[in-house]
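Hi,

Here is the structure I promised to pass on. Have a look at it first, then read my notes below.

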Amino acid sequence: MIRMPPPLQTAADLPLDCAAVAELLNRGCACISVDHRSLQRALENGNGTFSHAELLATRPHLFSDSMVFVSTAHLARMARIIALLERVVALPAYRERVLAYAPPLARHSPGAVGVYLGYDFHLGADGPQLIEINSNAGGALLNARLLRAQRACCAAVARMMPTPIPVEETFLAMFREEWRLTRGTGDASQRPLARIAIVDTQPDEQYLAPEFALFRQLFEANGIAALVADVAELTFDGERLYCRGQVVDLVYNRLTDFALAEPQSAALRAAYLSDAVVVTPHPQAHALFADKRNLQALGDDDWLAAIGLREDERELLASSIPRTLLVLPEQAEAFWTTRKQWFFKPTAGYGGKAAYRGDKLTRRVFAEIAGGGYVAQAVVAPSERRLLIDGVPHDFKLDLRNYVYRGAVQLVSARLYRGQTTNFRTRGGGFAAVFPVPCASGSKA
């Protein structure tokens with residue numbers, strides 16, 4: 001039988017190791033926290049494309065019914081890691097190094113920063129470990145709505161309910177800030193952001209298509225015209241970008257064509273290079289943050305010292321980023337021999353696609369990896385969340401995604417899954433709300 005831990009009273013009653021308390025709760029508290037009536041109201045607030053019933057019928061594993069517990073010490077440590085990384089990325093020496101191997105388009109600096117950076121962590125034995133950074137992290141608005149639907153299943157959990165924050169207002173302000181940063185205060189004040197196109201390839205077929213509809217509603221409810229469009233619908237006349245005959249001011253870019261290199265992206269690419277439209281996130285954001293090769297640079301202690309990082313800053317990165325190496329053909333045999341200690345990822349990968357745990361590799365697949373375009377990252381086993389499915393306990397792996405803009409964490413969510421990578425295919429898995437476990441005074445991350 002799964003039992004709740006003893007009731008927790010106040011932060012002062014918790015042991016110093018609040019991370020251990022969070023782990024205990026993740027193993028022992030099988031609470032159902034999602035109120036589906038509240039979730040229905042949150043998702044159907046507006047004139048959306050997807051109803052709650054349709055969403056659950058077509059994407060039954062999008063949301064988990066339970067929460068994930070994370071210590072406030074670990075939340076604070078992730079925020080410190082992120083703030084430091086953003087400072088490193090701003091250094092000229094870092095930009096010079098990573099842009100040297102990026103696609104040429106990434107050297108274009110548009111002014112915008114890039115919305116929804118996703119810093120993904122595993123909670124390893126030594127605390128949060130940064131697995132990767134994504135430049136067009138999906139799920140932020142879905143998770144904001146999921147937070148509205150949380151309920152406390154007992155008094156102890158009630159004391160850990162996330163404090164309501166106006167995160168959707170923060171999201172809106174972020175898009176307006178991208179417009180201001182690109183257009184400058186003069187132009188932006190004379191002509192406010194008027195129309196946003198939410199762009200992907202075949203957007204109606206994407207798994208997160210419901211989120212596109214929610215963003216359209218959010219923008220329109222706040223005075224910004226919005227449409228969801230296929231990138232092939234965009235046209236450029238040399239001065240303005242159009243979609244269905246309407247001028248587009250800003251493209252919320254959900255493409256995985258990060259360098260805008262595909263033929264169907266030609267109009268968007270031309271408009272972007274001409275600064276005729278604000279594109280966010282953009283190719284430079286992907287090159288600076290999300291290229292997996294960058295993790296090797298961030299693990300190069302001598303180089304980090306040479307570009308000005310203090311010893312304590314280097315120690316923080318060294319203890320928080322798993323060792324990551326570029327896979328070169330001449331090192332193939334060494335990587336094959338030690339494959340069980342590595343996780344292999346494509347340098348421009350996303351969503352766990354074409355990523356492989358070394359202990360699951362065949363010679364045939366490894367031959368493709370050894371040909372180039374991959375990094376090897378030291379395996380960090382994810383922490384787990386135990387839930388009851390039809391009364392039977394099941395252990396789910398979990399990762400934590402920090403949605404970030406300009407170094408500030410806007411929202412933290414969890415993803416529960418079984419298998420090698422997050423997949424939204426596991427009954428009981430999916431996005432999950434994060435409940436912070438308070439730490440007693442003096443607790444360290």
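A quick definition before anything else: a salt bridge here is a side-chain nitrogen of Lys or Arg within 4 Å of a carboxyl oxygen of Asp or Glu. Keep in mind that this is a predicted model.

By that rule, the count comes to 25 salt bridges. Take R27 and E384, whose closest N and O atoms are 3.2 Å apart. R27 sits in helix α1 and E384 in strand β15, so this pair links distant parts of the chain, 357 residues apart. R27 is partly exposed at 29% relative accessible area, and E384 is partly exposed too, at 34%. The two also belong to a network of salt bridges with R386 and D395.

Next, R254 and E211 form a salt bridge with an N to O distance of 3.0 Å. R254 lies in the loop between β9 and α10 while E211 is in helix α9, so the bridge ties together parts 43 residues apart in sequence. Both of these residues are buried.

Helix α9 also holds R216 and E220, four residues apart, or about one turn of the helix. Their side chains meet in a salt bridge at 3.4 Å, N to O. R216 is buried at 18% relative accessible area, whereas E220 is partly exposed at 39%.

As for the whole protein, there are 16 helices and 18 strands. Its radius of gyration is 22 Å, which agrees with what a compact globule of 445 residues would have. Buried residues make up 53% of the 445. On the charge side, you'll find 48 positive and 46 negative side chains, with the centres of the two sets 4 Å apart.

Cheers

Technical notes: Residues numbered from 1 in each chain as written. Predicted model: local features only at pLDDT ≥ 70, side-chain atom pairs only at ≥ 80, totals over all residues. Heavy atoms only, no water. Helix = DSSP H or I, 4+ residues; strand = E, 2+ residues; numbered from the N terminus. Rg over C-alpha atoms; globule rule 2.2 N^0.38 Å. Buried < 20%, exposed > 50% of the residue type's maximum accessible area, 1.4 Å probe, protein only. Lys, Arg positive; Asp, Glu negative; His and termini not counted. Charge placed at Lys NZ, Arg CZ, Asp CG, Glu CD.
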